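Take a moment with the sequence and the fold before reading on. Turn the model slowly and try to follow the chain from one end to the other.

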Amino acid sequence: MKFSITSIEIINFRQYRGDHTIDLKHDKKKNVIIVQGRNGAGKSNLLNALTWCFYGVEAHSTYEDNEKMPIINTSELIALNPNQKIQSSVIIYLQTDEGAWTIKRTIGGGKHSSGDPYVDEESTLTVIRPVGGQDIPATGK
């Protein structure tokens, strides 16, 4: 199956605070997309968002000293009140030779009553694809 990524929606993922949509549409004459930015702008985390959404793997999830770096935006986690929850999601929109697909991975987190932040251990994957003229969702880990 041939496919192309038409856009990526990133919600509270790493340094992407809030909801951000990155348009990756292209045409046959201009089929290359260049991602450019200063250090710390989020270029690597854009790749991390893709690999996490597709495979559930966040390759850069630890600092050099092995301290865990949360997938959910740290500023959003800190801003929560005790017992509040938040989600981080990456949604990839694909155009395939079978029609439009949507791939979404979500993970939750929040603050315990003590005020300590947490991120859930497992994420949820949802794939929506066309089957017989209808969009059919499938959910897993």
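Predicted model: local features only at pLDDT ≥ 70, side-chain atom pairs only at ≥ 80, totals over all residues.

Residues are numbered from 1 along each chain as its sequence is written, and side-chain values use heavy atoms, with hydrogens and water left out.

Start with the whole chain. It holds two helices and seven strands. Here helices (H or I, at least four residues) and strands (E, at least two) are DSSP runs, numbered from the N terminus. Along the sequence the pattern reads β-β-α-α-β-β-β-β-β. The C-alpha trace spans about 50 × 40 × 25 Å along its principal axes. Of the 141 residues, 33% count as buried. Buried means under 20% relative accessible area, exposed over 50%, and partly exposed in between (1.4 Å probe, protein chains only). A contact means heavy atoms within 4.5 Å. Among contacts with a separation of 6 or more, 55% join residues 24 or more positions apart.

Now find helix α1, residues 43-55. How far apart are its end C-alpha atoms? They are 19 Å apart, which agrees with the 18 Å that 13 residues should span at 1.5 Å a residue. That expected span is 1.5 Å times one less than the number of residues. Asn45, Leu46, Asn48, Ala49, Leu50, Trp52 and Cys53 of α1 are buried. An α-helix has 3.6 residues a turn, so residues three or four places apart point the same way. What covers the buried residues of α1 includes β1 (3-13), β2 (16-23), β3 (85-96), β4 (99-111) and β6 (124-131). After α1 comes glycine 56, with a positive phi near 75°.

Next, look inside. A nonpolar core is a set of buried Ala, Val, Leu, Ile, Met, Phe, Trp, Tyr and Cys residues joined through side-chain atoms within 4.5 Å. The largest one has 23 residues, and Ile8, Ile10, Phe13, Trp52, Val90, Ile92 and Ile103 have the most contacts inside it. β1, α1, β3, β4 and β6 each give two or more residues to this core. Which element gives the most? It is α1, with five residues. Isoleucine 103 is in contact with residues including Cys53, Phe54, Val90, Ile92 and Val127, leaving aside neighbours within four places in sequence.

Tyrosine 16 sits in strand β2. It counts as buried because its relative accessibility is 12%. Beyond four places in sequence, tyrosine 16 touches Ile10, Ile11, Ala41, Gly42, Lys43, Asn45, Leu46 and Asn73. The C-alpha atoms of tyrosine 16 and alanine 41 are separated by 9.4 Å, though the two are 25 residues apart along the chain.

Most residues other than glycine have a negative phi. Arginine 14 has a positive phi, near 50°. Asparagine 83 also has a positive phi, of about 70°. Are these two buried or exposed? Arginine 14, in the loop between β1 and β2, is buried, with a relative accessible area of 8%. Asparagine 83, in the loop between α2 (74-79) and β3, counts as exposed at 56% relative accessibility.
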